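Q: I am new to this structure. Please take a close look at a single part and walk me through it in short steps.

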Amino acid sequence: MSAGSPSAVADLERLRRYRPRLSRGDHDLNPDLTPMPMLRPAAVLVPIVRRPEGDAILLTLRTPHLTAHAGQIAFPGGGVDAEDPDPLAAALRETEEEIGLPRGKVEIVGRLDTYVSRTGFEIQPFVGLLTPPLETAPDPFEVAEIFEVPLAFILAPGNPKLHRVTVQGVERQYYAFPYRDRYVWGVTAGILRNLRDVLLEAAG
């Protein structure tokens with residue numbers, strides 16, 4: 001399957017019918033990492049840009065001074081506020097605040113599995129299609145850079161990579177998508193793996 005081809009469009013149509021499950025998370029590869037007893041609800045947008053040369057995933061590089069996930073590659077999104085009518089509204093609001101993308105420019109096509117992070121967030125990811133031209137304006141306090149990764153790379157055989165690291169004498173495992181000089185890991189890689197699984201299952 002090639003990104004941007006008619007089959008890719010059909011896969012995205014099947015994504016509309018995907019029924020998310022509860023839940024994926026940092027504990028999948030490390031069962032001893034039990035989720036925090038009190039989780040903060042959050043939501044992110046997984047933006048797929050419909051470019052003629054092939055679909056691409058839009059990502060942000062977070063600024064290094066933030067209190068959560070500083071300096072990491074992330075989807076636009078954040079915590080669900082009391083004023084948000086639902087998690088989708090929170091994801092679209094945060095996207096507009098972080099990268100200046102109006103919610104009217106986003107076509108929501110589905111939702112992925114809820115992701116529980118070891119930092120205490122229960123994240124609902126919503127997949128949205130973006131049609132160029134795009135006009136974005138990153139919030140300099142939260143977003144250092146906006147960039148894209150081809151969807152074909154996410155779906156390529158051999159992705160994601162399984163990595164191991166020793167933390168305080170304990171070996172931990174995690175997924176990562178190393179792309180050029182970018183290193184997509186953590187929550188973002190977990191959500192991308194979920195997206196990959198859904199699209200490849202749809203393709204099969």
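To start, which loop is the place of Arg180? Then turn to strand S2: how many of its 10 residues are buried?

A: This is a predicted model, where local features need pLDDT of at least 70, side-chain atom pairs count only at pLDDT 80 or more, and totals for chains, interfaces and linings use all residues. Residues are numbered from 1 along each chain as its sequence is written, and side-chain values use heavy atoms, with hydrogens and water left out.

Arg180 sits in the loop between S11 and strand S12 (182–185). Helices (H or I, at least four residues) and strands (E, at least two) are DSSP runs, numbered from the N terminus. Arg180 is not a glycine, yet its phi is positive, about 55 degrees. Its relative accessibility is 76%, so Arg180 counts as exposed. Exposed means over 50% relative accessible area, buried under 20%, and partly exposed in between (1.4 Å probe, protein chains only).

Now strand S2. It spans residues 40–49, and eight of its 10 residues are buried. Its partners come next. Two strands pair if DSSP finds at least two bridges between them. With strand S8 (residues 121–130), S2 pairs in the parallel sense, over 10 bridges. There, Leu45 has Phe126 as its bridge partner. Strand S5 (residues 77–79) runs antiparallel to S2, with three bridges. Ala42 is bridged to Gly79 in S5. Strand S3 (residues 56–62) is also antiparallel to S2, joined by two bridges. Val49 stands opposite Ala56 of S3.

A nonpolar core is a set of buried Ala, Val, Leu, Ile, Met, Phe, Trp, Tyr and Cys residues joined through side-chain atoms within 4.5 Å. The largest one has 33 residues, and Ile57, Ile191 and Leu195 have the most contacts inside it. S2 is among the elements that each supply at least two residues of this core, including S3, S8 and helix H4 (186–203). The largest share, seven residues, comes from H4. Ile191 touches Val44 and Val46, among others, leaving aside neighbours within four places in sequence. Contact here means heavy atoms within 4.5 Å. A second, separate core of nine residues includes Leu45, Val49, Leu58 and Val143.
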